[in-house]
Amino acid sequence: MDKFVIHGGKPLHGTVEISGAKNAALPIMVATLLAPGVYHIRNVPELRDVRTMAHLLRIIGARVQFEDHQMEIDTRDANFPEAPYELVKTMRASIYVLGPLLARYGQARVSLPGGCAWGPRPVDLHLKGMEKLGATLTLDKGYINARAKKLQGTPIYLDVSSVGATGNIMMAAVLAEGETVIENAAEEPEIVDLGHFLQKMGAHIEGLGTKTIRIQGVKELEPADYTIIPDRIEAGTFLVAGLITGGEITVTHAEPNHLTEVLAKLEEAGGILEVKENSISIRASGEIRPTDVTTAVYPGYPTDMQAQWIALMALANGSSVITDTIYPDRFTHVPELQRLGADIVLKNNSAFVKGVEKLIGAPVMSTDLRASAALVLAALAAEGRSDVHRVYHIDRGYERIERKLEQLGADIRREDDGKYY
Ligand code: UD1
């Protein structure tokens, strides 16, 4: 298993190119199951989760070729509507196949994802959505067995504005009979991107990027080519890297409009920003100012940037409070940051962070994707050597992060830590 060895304390300088958005690429790959044919998807990030999804599509019978951020997916022979436990347990986003498989084949057998390192992450809204569309669901040996002769359009109110449930229901509803209206729908840019792809395939969807999405079912869809939007979380993470190390970084191939709240917070925390159409530069002002953050659904501050913010605030010149309203248990990075010298007290879903003058390198353990990003950021700013173990988590969602950081002047290398977990 790999670890990162980081010698921290060096300000990062330079330009880094942002990859395509993981959370848009995953549902878009799945949406190709909705119509048989050959698709070309561009700006696909080279990530472990993307390879896992490609593997799942192959199990279903699709042919997938992936090279240099271009993916060709041929779904003409895809006809095995099943998502096995072995894959779903490694990537919860596998649940996205439920909607398209039901819509296209009238049946699906998808493993229930189970627990998550951040506490409960139910999929009840996905399942209720499919039932409302007319599917019959049963649970059998940990698998959801879903059947529907023909899905029927219907109004669906989401109790929680869930990204995954909105995407899944949208993909099922595009081939249903009649109109589906999703209320309290997710407005996240990744859902808008999925919607744009579905529209390119011929779907009738209105209200993308708002809380009410209207879908008029069509008889059939056709293959389309598409370019994935930039990853706003990767961009945000690199901008924090610039500020936390006291450096100056430009992220290119980015979409500043998707980062409004994060950019406002970075400025409040002392970052000097220059925003252009597709790039954002940050320069450290010499101090990190304590800045509270509360996560919220888009366009609020993203939960996927919560851990990175705690790392930044660990070095602020004062106290701040970071609250996660989306995932109240998503704080496994806190004890690891404390190993580097951070002063953080956890109370319910809030982290009370008292900035310290410096962090000191130490061995730390990644526990999930964004937690690992926070540890890498803290290690880049810490004095001395840190070994960040279990970086397979970070490989799920950051494309070659060590190479991108190295390019910015970081002293980071990947090593096999010789351990098997
Ligand atoms: C997606 C992102 C993830 C991000 C999250 C929130 C992908 C692949 N992953 O995850 O990186 O952190 O959005 O922005 O896009 N909920 C329910 N029932 C459900 C589904 C969700 O109660 O059936 C709750 C969750 O527990 C959570 C909230 O809704 O409290 C938001 O979750 P959701 O938006 O569904 O997250 P994901 O789609 O799983």
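This is a predicted model: local features need pLDDT of at least 70, side-chain atom pairs count only at pLDDT 80 or more; totals for chains, interfaces and linings use all residues.
View 1. The ligand is surrounded by 17 residues, and the closest are Leu125, Ser162, Val163, Asp304 and Ile326. Sorted by class, the shell around the ligand comprises 8 nonpolar, 5 polar and 4 charged residues.

**View 2. Polar atom pairs between the protein and the ligand.** In the side chain of Asp124, an N or O atom is 2.7 Å from a nitrogen atom of the ligand. An oxygen atom of the ligand lies 2.6 Å from a polar side-chain atom of Ser162. With Gly164 the backbone takes part: an N or O atom there lies 2.8 Å from an oxygen atom of the ligand. On its own, the ligand has 740 Å² of accessible area, of which the protein covers 83%. Two or more residues of the shell around the ligand come from each of the elements α5 (124–132) and α6 (163–173). The most is given by α5, which supplies 3 residues to this shell.

**View 3. The open sheet β4-β5-β3-β14.** This sheet consists of 4 strands, and its pairing is mixed. Strands β4 (63–67) and β14 (226–227) stand at the edges; each has a single partner strand, so one side of each is left without a neighbour in the sheet. Helix α2 (residues 48–60) packs on the sheet and touches β4 and β5. The direction of α2 makes about 155° with that of β4. Within the sheet, strand β3 (residues 38–42) pairs with strand β5 (residues 70–74) in the antiparallel sense, over 4 bridges. Val38 has Asp74 in β5 as its bridge partner.

**View 4. The open sheet β2-β15-β17-β16.** Here, too, the pairing is mixed, and the sheet is made of 4 strands. From one strand to the next, the twist averages 15°.

**View 5. The pairing of β2 with β15, and helix α9 on the sheet.** Strand β2 and strand β15 (residues 248–252) run parallel and are joined by 5 bridges. Opposite His13 stands Glu248 in β15. Helix α9 (residues 260–268) packs on the sheet, where it touches β16 and β17 (280–284). Between the direction of α9 and that of β16 the angle is about 140°.

Methods. Residues are numbered from 1 along each chain as its sequence is written. Side-chain values use heavy atoms; hydrogens and water are left out. Two strands pair if DSSP finds at least two bridges between them. Contact means heavy atoms within 4.5 Å. Axes are lines fitted to C-alpha atoms, for helices over the stretch in contact, and angles run from 0 to 180 degrees between N-to-C directions. A residue is near a molecule or strand if one of its heavy atoms lies within 4 Å of it. A polar contact is a pair of N or O atoms within 3.5 Å; within protein, one must be able to donate a hydrogen and the other to accept it, and residues adjacent in sequence count only if both atoms are side-chain atoms. Accessible areas come from the Shrake-Rupley method with a 1.4 Å probe; for residues, only the protein chains shown count as cover. Ala, Val, Leu, Ile, Met, Phe, Trp, Tyr, Cys and Pro count as nonpolar, Asp, Glu, Lys and Arg as charged, and the others, Gly among them, as polar.
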